[in-house]
Amino acid sequence: MVVSTSNTTAVDVAIIGGGIAGVSAAAAISPTHAVALLEQEGELAYHTTSRSAAIYVENEGGPVFHRLSTASRQFFDESPGADAPLVTPLPVLKVGNDSVSDFLVAEAEAARKITPNVRTVMGSELTDLCPVLDPDVITIGVYEDSSGSVDVMALHQLFLRTARANNALIQRSAKLLSATRAATGTGRWKIETTAGPVEADVIINCAGAWGDVVATACGVAPVGLTPMRRTAFTAPIAQDPSDWPFIYSFTEDLQCYFKPEAGNQLLCSLSEENPSDPTDARAEELDVALAIDRIQTISTLELRSVKTTWAGLRTFAPDRNPVFGWDDSVDGFMWMVGQGGCGIVTSPAAGQVAGALMREESLPENITELGLTTDQLAPRR
Ligand SMILES: Cc1cc2nc3c(=O)[nH]c(=O)nc-3n(C[C@H](O)[C@H](O)[C@H](O)COP(=O)(O)OP(=O)(O)OC[C@H]3O[C@@H](n4cnc5c(N)ncnc54)[C@H](O)[C@@H]3O)c2cc1C
C-alpha cells in the first residue's frame, strides 16, 4: 500500500524513470509490492522510449539480448490485456556486400541456435524481397521473417495500466535529486525529489541514459554506461513499401536502415552511435544527410524530402549487455539499465527479471530455458 503523509510518500519500491524499463518493472512488481514510479519529466516515455524504430527482431544486440527478445516473444504474440496485437508482422533483412558476407553468414548461423528461421539470402531473392535494393551494391542478406513492428506506445500504456490497476503511484515531474539509506534502524531509502520526499525499501534504477547519474546521486558506484545518440527521420517515397522488409545495411561506410511505414514513407536512420551526455537528444542534420546518401547508394530510392527528424540515446554498458540486477555493494538498489537498441523488444522479459528478483524467486522458465542466468545480467559481472 502506498502511504502518503502531508510530507512523505512511503512505499516498498521506488522506480526511477517512466520509460519502457520503468513501466515494465512497475507492472511486474506492483502485484506484490507498493510501488511509486518517479519520472523527472512532465510526461512519461518522453526520452528514448518514444524515439525508437519500434522493431521486434530477435537476432539483434548479441546473444544475451537475443535470448531476452526471444523470451519476450510469447508476451508479444499473446498481447495479454492489450486492445489490439502489439506487433504487426514485418520481416527484417540485414544486408551487405561481399566484404561483410563472412560476418553475416556467421551471424545467421549463430542466430539459428535461438531463432531457427533466420537464413541467408543471395542473388535475385534479395530483390524479390525488396525490389528497390541495388544488386550491384547488395549481394547478401540475413532474413528473419518472424519479426515485426511494435506499437510502442500501446505497449507502454499496457504496462502502465497494469501498474495502475495494482495501485502503483505514478508521479510525473518528480526528479530524484539524492537518496540516502540509513545503515541502521529501518534501513529504508530516504529519497529527495522535486515533488517531495519519498521513503522506500528498494530503489530500482530505470533511468536510461541517466542510469549512472541516478546511481551516483544514491551513493552507488556507476557501472560505466555510455549513452549513444542515434538520429532518425521519416521521408516520403514514390513507391508503396508495404510489402518490403525492414532493411538494415551492414556494409562498412554504408551502414543505415529503412523501415516501411504507412502512407508511402520510410523511417530511416544512419544507425550511427555517437557518444553523448545524458540529455534531450536532438537530430543532427549531417547524420540525416549521410543516411539519405547511403540509402540512395544501396537502393534505387530517391529521397527528395524529409518529414520529421528526431534523435534518441541508446545506452550501453561497457560489454554492451543489459545491466539487470541487485547491486552487491549497497542493500536495496536494483539496476535495470543498459538496454542499448533492444529495450522495447526485451521489456516483457526485463519486467519478469525485475519481478523475480524482487520476490526472491528463480527467473521464469521462458528465460532460463534459453540459458540466461542472473549472473550474465548482474551489474558487477
Ligand atoms: C533511433 C532509435 C531506434 C531504436 N530502435 C529500437 C527498436 O527497433 N527496438 C528496440 O527494442 N529498441 C530500440 N531502441 C532502443 C530503445 O528505445 C531503448 O532501449 C529503450 O527505450 C530504453 O528505455 P528506458 O526506459 O531504459 O529509457 P528511457 O525511455 O530514456 O527512460 C528513462 C527515463 O528515466 C527518466 N529519468 C532519468 N533521470 C531521472 C531522475 N533523476 N528522476 C526521475 N526520472 C529520471 C528519464 O526522464 C526517462 O524518462 C531504439 C532507440 C533509438 C534512439
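Residues are numbered from 1 along each chain as its sequence is written, and side-chain values use heavy atoms, with hydrogens and water left out. Because the model is predicted, local features need pLDDT of at least 70 and side-chain atom pairs count only at pLDDT 80 or more, whereas totals for chains, interfaces and linings use all residues. Helices (H or I, at least four residues) and strands (E, at least two) are DSSP runs, numbered from the N terminus.

Buried denotes under 20% relative accessible area, exposed over 50%, and partly exposed the range in between, with a 1.4 Å probe and protein chains only. Beyond residues up to four places away in sequence, I15 touches G22, A25, A26, V35, A36, L37, L38, I204 and C206, where contact requires heavy atoms within 4.5 Å.

Helix α1 is largely enclosed by the rest of the structure, because ten of its ten residues are buried. These buried residues, which include I20, V23 and I29, pack against β2, β3, α5, β13, β21 and α8.

Strand β12 (residues 189-193) has a covered face formed by W189, I191 and T193, while K190 and E192 make up the uncovered one. In a regular strand the side chains alternate between the two faces of the sheet. Two strands are taken to pair if DSSP finds at least two bridges between them. Strand β12 pairs in the antiparallel sense with β11 (residues 176-181) over five bridges, and L176 stands opposite T193. Three bridges join β12 to β13 (residues 198-205), also in an antiparallel arrangement, with W189 opposite A200. The hairpin formed by β12 and β13 has four residues between the strands, and G196 in the turn has a positive phi of about 115 degrees.

A three-stranded open sheet has the order β4-β9-β5 with antiparallel pairing. Its edge strands, β4 (55-56) and β5 (87-89), each pair on one side only. Three bridges connect β5 with β9 (residues 148-150), and S149 is the bridge partner of T88.

In the loop between α3 and β7 (119-122) lies T115, which is buried with a relative accessible area of 3%. Apart from neighbours within four places in sequence, T115 is in contact with E58, H66, T70, E144 and S146.

On a 1 Å grid over the protein atoms alone, a pocket is an open set of points where a 1.4 Å probe fits, with protein on both sides within 12 Å along at least five of seven lines; lining residues have an atom within 4 Å of a point. Of the 27 lining residues, E60, G61, G62, K94 and E107 lie nearest the centre of the pocket. Helices α2 and α3 (101-112) and strands β15 (246-249) and β19 (308-316) each supply at least two lining residues.
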